[in-house]
Amino acid sequence: MYFLQQPKKTKVVLLACGSFNPITNMHLRMFELARDHLEDTGQYEVVQGILSPVGDGYEKKGLIEASHRGEMAKLAAESSSWIGVDTWESRQANWLETVKVLRHHRQELLSREPDTDVVGTAKAGRKRKRMDASNEPRLMLLCGADMLDSFGVPGLWKPEDIEEIVSSYGLVCITRGGSDPEAFIQGSDLLWPHRHNIHVVREWVANDVSATHIRRALRRGHSVRYLLPDPVYIQERRLYTTESEQRNPGVVLAPLQKHAGRHE
Amino acid sequence: MELGSKLRTRVLKLRSFRRHMAIAVHTSFETVRLNFTRAVLASMSRNHPIPSGRTMSRKRPVGSAKRTRTARSFEQPKKTKVVLLACGSFNPITNMHLRMFELARDHLEDTGQYEVVQGILSPVGDGYEKKGLIEASHRGEMAKLAAESSSWIGVDTWESRQANWLETVKVLRHHRQELLSREPDTDVVGTAKAGRKRKRMDASSATKRRKLEEGPPQRSDEPRLMLLCGADMLDSFGVPGLWKPEDIEEIVSSYGLVCITRGGSDPEAFIQGSDLLWPHRHNIHVVREWVANDVSATHIRRALRRGHSVRYLLPDPVLGYIQERGLYTTE
């Protein structure tokens, strides 16, 4: 039939987990790059982007309160029509494995009301059933190449979690200067079978504006204007100082603690 | 032995005169000190190599240390006011262009010698005839949208409105003239009348033209105009036929250069290897951009041609302007 000639595109929702300490233009760029890349293939339609700041339980050095980080992310995403913030993860008391955050968000997507733009005249109930089958948006994890590389750090990720992420969900990985994701995938027996589900997006311009650099600049009283959507929130509250960078000094990162001796 | 009354009066008058002089001298002393030092350095450097511009600016200039400290009310050496001028295509303007201003300001103010009071974006005119250059009216408008939210960076379209392309040095001369003929700022220290100030400023501009070689003579309140650029512009000094040597000379001696390094450039090496630039290295400020932030307008134009997003690489209002008019969709 003429109407069905165009293969149906898979709807995609991109989820980015991170410290966002603070959120930068680079984080937001990742979403834009990922969307362009996926849509260029002709197979996907990216319908939503979710920023999920990590909770304070992550205990990373220099991590400021989740309430601030969430607020800054919201301010940053405010002007975007498709990127938003979800603070569920940040509100959890303890640190959560990434795969648990993915599971939560997929559940959220499944229990959502069907969109009005779903083609067809079937009743809502029938639509929902059909959605589970063909219209359900695919939730994919959006990350930088550094996260992919971190899969190789002993004790940081559970192998079964990595397996679930790349098989049940999917990965969109933005390359950062100094990484070679394709080589990493090539060299991993765990990732190799799922390579069709790992999308490597090359960022052709060096755009390495990291949150680390921004925090350093702020400690030194230097301008970070034009590296972030709007530094006003940070400036008004003087969020990033030498003191804030010393938080959680020498503490073992939550994921490493968790896997070291305790069971879930 | 007690002094005779006439002598005493003379001594007292002399003392108060000296006190007044000391105060007057001190205020202008800073200026004189800077000029003196520059003149000394300029003449010295012709024969003897001295440390690079960056270290020089931190070193205490000749013969001033003690004097500055003892006059308690004048402990803080007066800072040179700086206006940064960036000439470029801005085709379109990007976050990187705006970052250059912020980096330059931080760098100069970190030395403790400068106070950056203004930034000027000067888009090149259409006469430049560079491939892919869209109309100056658009480029100027986008620059204005980008700079709108800044308290100190603004746009001047004088250059872009000229029919023919102008050498950079001419743009500098124009803007310096503009600064000189401006009403004195209210924040200028001192109580001299406006007219007298302007005369002093005007007079010194004539003097300047005669004494280009000695480096920029500076009145205490006149802002110094410096050219802000990327390392690529500095590198372009080496392209045969692109710049007139006398223009380069004037830029680095009468004005000054603030050069932001871009990945793949080594400005200090370039200066080291240039007999033209080397004598003026104290007037060339190299600012290292520590993060790779190579978002070029070229890349942005390419992405736009391909229908890719350039969000967060340039200010939102600029992006809106481009999208509304469908700019940069073809080469």
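Here is a walk through the side-chain contacts of this structure and the place where its two chains meet.

First, some ground rules: this is a predicted model, where local features need pLDDT of at least 70 and side-chain atom pairs count only at pLDDT 80 or more, while totals for chains, interfaces and linings use all residues. Residues are numbered from 1 along each chain as its sequence is written, chains are lettered from A and ligands numbered from 1 in the order in which they are written, and side-chain values use heavy atoms, with hydrogens and water left out.

Let's begin with the rings. A pair of aromatic rings is described by the distance of the centres and the angle of the planes. Here, rings of Phe, Tyr and Trp (its six-membered ring) pair if their centres lie within 6.5 Å; planes under 30 degrees apart count as stacked, over 60 as edge-to-face and the rest as tilted. That rule gives six aromatic pairs over all chains. One of them is A:Phe31 with A:Trp82, an edge-to-face pair with 6.0 Å from centre to centre and 75° between the planes. It links distant parts of the chain: A:Phe31 is in helix α1 (residues 25-40) of chain A and A:Trp82 in the loop between α2 (66-77) and β3 (83-85) of chain A, 51 residues apart. (Helices, H or I with at least four residues, and strands, E with at least two, are DSSP runs numbered from the N terminus.) Both A:Phe31 and A:Trp82 are buried; buried means under 20% relative accessible area, exposed over 50%, and partly exposed in between, with a 1.4 Å probe and protein chains only.

Over in chain B, the ring centres of B:Phe237 and B:Trp243 are 4.7 Å apart with the planes at 80°, so this pair is edge-to-face. B:Phe237 has 9% relative accessibility, so it counts as buried, and B:Trp243, at 16%, counts as buried.

Now for the cysteines. A disulfide is a covalent bond between the sulfur atoms of two cysteines. The test used here is a pair of cysteine sulfur atoms within 2.5 Å, and it finds zero disulfides over all chains. Take B:Cys229: the nearest cysteine sulfur, that of B:Cys259, is 4.3 Å away. B:Cys229 is buried at 3% relative accessibility, and B:Cys259 is buried at 0%.

What about charges? Side chains of opposite charge can pair when their charged atoms come close. A salt bridge is a side-chain nitrogen of Lys or Arg within 4 Å of a carboxyl oxygen of Asp or Glu, and the structure holds 19 of them over all chains. In one, A:Arg215 meets A:Glu245 at 2.9 Å, N to O. A:Arg215 sits in helix α9 (residues 211-219) and A:Glu245 in helix α11 (residues 242-245), both of chain A, 30 residues apart. A:Glu245 also meets A:Arg219 in a salt bridge at 3.3 Å, N to O. A:Arg219 is in helix α9 and A:Glu245 in helix α11, so this pair ties together parts 26 residues apart in sequence.

Finally, look at where the chains meet. The contact (heavy atoms within 4.5 Å) takes 23 residues from chain A and 24 residues from chain B. Together the chains bury about 2200 Å², 50% of it on carbon and sulfur atoms; buried area is the accessible area (1.4 Å probe) that two parts lose on being put together, summed over both. Across this interface, the rule finds zero salt bridges.
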